[in-house]
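Welcome! Here is a short briefing to read with the sequence and the structure side by side. Please take a look at both before going on.

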Amino acid sequence: MKFEFDARKRILQGSGASRRLRRQNRVPAIVYGGSVAPQLIDLDHNEILLNLRKEAFHSSVLTLNIDGRIESVVLRDSQMHPWKPLVLHADFQRVDMTHAIHQRVPLHFINADIAPGVKISGGHVAHVHNDIEVTCLPQDLPAFIEVDLQNLQAGHSIHASELVFPAGVTPVLHGEDYVLVSIPAKKGSDDSETAEGAATAG
């Protein structure tokens, strides 16, 4: 999915200037990174609010038109009002299409209903992580990573290293092959005893 939206340069800073922008239905934001100085901008509030509600917006390379100058960016942060549907601020980082980036992408869990740990053992799926950090060239950035649960047994889990990643995309594990999802074994079940026995043997 491609996202393209317009922005305006801004000069004034501070809480007073930001409040005035919000009263005009604009969102104060900043673009930083690369060899160019950070640029203060403002965005149309309704457009950015609508995009923030889309999962892919958070894990895509975005095209930002700043007064006619095109920038390729990724969303790094956004601040929302505690209870109102109001975007307070957004941070974007420039990307170089020839250099790898680090970005978190959502996980899509499939086939949970036919997983043996659910269908046969009556267990439930426990999601430990809903996204994963990857590194790749900007043009290879996936909208999501699929996690197939069709063979997951009760008392077992799926680790980050077990996922299948698109070509050119690798996980950033920071030295830890962490659990993404599991189906805990029911206490007293055969699966639980088997898992405990395997853990003791290991």
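In this predicted model, a search of the whole structure turns up 6 salt bridges.

**Salt bridges around arginine 8**

- Arginine 8 and aspartate 42 meet through their side chains in a salt bridge, at 3.0 Å from N to O.
- Because arginine 8 belongs to strand β1 and aspartate 42 to strand β3, this pair ties together parts that are 34 residues apart in sequence.
- A network of salt bridges links Arg8, Arg26 and Asp42.

**Salt bridges around arginine 104**

- Arginine 104 forms a salt bridge with aspartate 131, and their closest N and O atoms are 3.1 Å apart.
- Arginine 104 sits in strand β7 (residues 101-110) and aspartate 131 in strand β9, so the pair joins parts that are 27 residues apart in sequence.
- Arginine 104 also meets the side chain of glutamate 133 in a salt bridge, with 3.9 Å from N to O.
- Here again the link runs between strands β9 and β7, so parts 29 residues apart in sequence are tied together.
- Glutamate 133, in contrast, counts as buried at 14% relative accessibility, because buried means under 20%.

**Aromatic rings**

- The count of aromatic pairs comes to 3.
- In one of them, the rings of phenylalanine 3 and phenylalanine 57 have centres 5.2 Å apart and planes at 80°, so this pair is edge-to-face.
- Phenylalanine 3 lies in the segment before β1, and phenylalanine 57 in the loop between α2 (45-52) and β4 (62-66), so the pair ties together parts that are 54 residues apart in sequence.
- Both phenylalanine 3 and phenylalanine 57 are buried.
- Phenylalanine 5 and phenylalanine 57 make a tilted pair, because their ring centres are 5.8 Å apart and their planes stand at 50°.
- That pair also links distant parts of the chain, as phenylalanine 5 is in strand β1 and phenylalanine 57 is in the loop between α2 and β4, 52 residues apart.
- Phenylalanine 5 counts as buried at 3% relative accessibility, while phenylalanine 57 is buried at 0%.
- Together, Phe3, Phe5, Phe57 and Phe92 form one aromatic cluster.

**Helix α1**

- Helix α1 spans residues 15-23, and its residues Ala17, Ser18 and Leu21 are buried.
- These residues cover an arc of only 100° around the axis, which puts them on the same side of α1.
- Among the elements that cover the buried residues of α1 are β1 (4-9), β2 (26-32) and β3 (39-44).
- After α1 comes asparagine 25, which has a positive phi, near 65°.

**A sheet of 4 strands**

- An open sheet has 4 strands in the order β10-β7-β9-β12, and the pairing is mixed.
- At its edges stand β10 (145-148) and β12 (170-171), each with a single partner strand, so one side of each has no neighbour in the sheet.
- Strand β9 (residues 131-136) pairs with β12 in the antiparallel sense over 2 bridges.
- Threonine 135 stands opposite threonine 170, which is in β12.

Terms used: Residues are numbered from 1 along each chain as its sequence is written. This is a predicted model: local features need pLDDT of at least 70, side-chain atom pairs count only at pLDDT 80 or more; totals for chains, interfaces and linings use all residues. Side-chain values use heavy atoms; hydrogens and water are left out. Buried means under 20% relative accessible area, exposed over 50%, partly exposed in between (1.4 Å probe, protein chains only). The arc is that of the directions from the helix axis to the C-beta atoms. Contact means heavy atoms within 4.5 Å. Two strands pair if DSSP finds at least two bridges between them. A salt bridge is a side-chain nitrogen of Lys or Arg within 4 Å of a carboxyl oxygen of Asp or Glu. Rings of Phe, Tyr and Trp (its six-membered ring) pair if their centres lie within 6.5 Å; planes under 30 degrees apart count as stacked, over 60 as edge-to-face and the rest as tilted.
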